[in-house]
Amino acid sequence: MRTQSSATTAPSITVTAPRERPRFGGTLQAALGVTAFSLTFPATVWGLEGFGPWSLVAVRSVLAAVIAGCCLLLLRVALPDRRHWAGLAVVAAGVVLGFPLLTTLALRTSTTAHAAVVVGLLPLTTALFSALRTGTRPSRTFWVAALAGAGAVLAFTVQQSGGALTAADGYLAGALLVCAAGYTEGGRLARVMPGWQVIGWALVLCLPLTGPAAALALSYEPVSLTAHGVAGVLWLAAGSQFLGLVVWYRGMAAIGIPRASQLQLAQPLLTLVWSVLLLGEHLTVAAPLTAAAVLVCIAVTQRSRS
């Protein structure tokens with residue numbers, strides 16, 4: 001008697017890889033960096049109440065370098081590879097020296113609303129620098145949304161300033177270019193070394209220049225240690241120039257330079273909110289409309305493929 005056996009075939013299971021999305025942690029860190037940066041202009045205005053422009057820039061850089069140097073020493077961080085020093089020099093020139101100096105000089109005669117045009121155009125400029133430096137090619141949708149967001153912010157800030165161009169615009173244009181270069185190079189370096197070390201070494205690299213500059217500037221410019229002046233310089237050193245850049249570079253490394261840069265479209269509007277709360281400036285009804293337009297642009301750029 002023949003026994004007929006039947007083989008049971010197990011059903012095949014097809015595993016579909018989950019769709020790759022930008023990491024939430026990277027977006028959150030970049031957003032925290034933008035929040036820290038949004039306080040930079042109001043803090044600079046406060047700092048100028050107690051310090052001259054050259055003293056303010058040099059002192060904030062020295063204090064930030066001391067914080068960064070202590071962290072690097074305590075954690076016994078080894079010196080970066082020689083191949084990274086050129087990139088760190090670009091970060092130092094753009095983020096540590098160029099942008100703070102040029103915007104501080106501009107804010108002597110410009111309001112925070114007018115100066116906010118710089119950070120309104122910074123995301124687009126950073127994306128352009130990134131495309132040239134790293135070879136990234138964002139999609140057409142990305143560029144359309146980025147241009148629309150930058151246009152909305154530009155129109156709003158120009159309307160706030162009455163549409164007049166001032167001598168400070170030259171400083172602001174220069175600050176825009178050097179900061180975009182520093183952000184792009186810092187974001188690239190943050191892929192191969194921790195973001196806090198990128199800004200930490202850039203600050204320490206500037207110390208031989210900013211230390212003597214602080215001593216010289218303090219000897220020529222009068223200093224008045226008001227509460228606003230001290231609070232301003234402390235925030236600029238610890239918040240804007242160190243901690244803010246730490247989370248910002250980490251965020252750029254996680255989600256990419258173009259996407260992270262578009263989060264800065266919200267920075268001018270945050271700056272205007274702080275200006276109302278801290279400086280007593282007044283906003284027009286255009287603010288919420290611009291905020292809604294910018295948020296739509298941010299949502300589009302975050303969903304578009306880089």
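Contact here means heavy atoms within 4.5 Å. This is a predicted model, in which local features need pLDDT of at least 70 and side-chain atom pairs count only at pLDDT 80 or more, while totals for chains, interfaces and linings use all residues. Residues are numbered from 1 along each chain as its sequence is written, and side-chain values use heavy atoms, with hydrogens and water left out. The protein chain holds 12 helices and zero strands, where helices (H or I, at least four residues) and strands (E, at least two) are DSSP runs numbered from the N terminus.

**Overall build**

- Of the 306 residues of the protein chain, 49% count as buried, a term that means under 20% relative accessible area, with exposed meaning over 50% and partly exposed in between (1.4 Å probe, protein chains only).
- The accessible surface of the protein chain comes to about 15100 Å², of which 67% belongs to carbon and sulfur atoms; such areas come from the Shrake-Rupley method with a 1.4 Å probe, and for residues only the protein chains shown count as cover.
- Among contacts between residues at least 6 apart in sequence, 93% join residues at least 24 apart.

**Interior**

- The largest nonpolar core has 60 residues, and those with the most contacts inside it are Y183, V198, I199, L203, L245, W248 and Y249; a nonpolar core is a set of buried Ala, Val, Leu, Ile, Met, Phe, Trp, Tyr and Cys residues joined through side-chain atoms within 4.5 Å.
- Apart from that core lies another, of nine residues, among them A43, F51, V233 and L236.
- Leaving aside neighbours within four places in sequence, Y183 is in contact with F37, V95, L122, T126, L245, W248, Y249, M252 and Q264.
- Helix α2 (residues 40-47) is mostly covered, with seven of its eight residues buried, and the cover over these buried residues includes α1 (24-38), α3 (53-74), α4 (85-106), α5 (112-134), α9 (227-255) and α11 (267-279).

**Charged pairs and cysteines**

- The count comes to two salt bridges, each defined as a side-chain nitrogen of Lys or Arg within 4 Å of a carboxyl oxygen of Asp or Glu.
- In one of them the side chains of R188 and E185 meet at 2.6 Å, N to O, and both residues lie in helix α7, three residues apart, about one turn of the helix.
- E185 counts as buried because its relative accessibility is 6%, whereas R188 is partly exposed, with a relative accessible area of 25%.
- Not counting residues up to four places away in sequence, E185 touches G87, V90, V91 and R133.
- The side chains of D81 and R83 also meet in a salt bridge (3.5 Å, N to O), in which D81 is partly exposed at 41% relative accessibility and R83 is exposed at 62%.
- The count of disulfides (a pair of cysteine sulfur atoms within 2.5 Å) comes to zero; C206 is buried at 6% relative accessibility, and C297 is buried at 10%.

**Surface and backbone**

- L63, L218, V223, L225, V230 and L234 make a nonpolar surface patch of about 490 Å²; patches are made of residues with over 30% relative accessible area and no salt bridge, like charges being joined within 9 Å and nonpolar side chains (Val, Leu, Ile, Met, Phe, Trp, Tyr) within 5 Å.
- V230, a member of this patch, is placed in helix α9 and counts as partly exposed at 32% relative accessibility.
- R76, found in the loop between α3 and α4, has a phi near 50°, a positive value in a residue other than glycine, and R76 counts as exposed at 78% relative accessibility.
- Most residues other than glycine have a negative phi.
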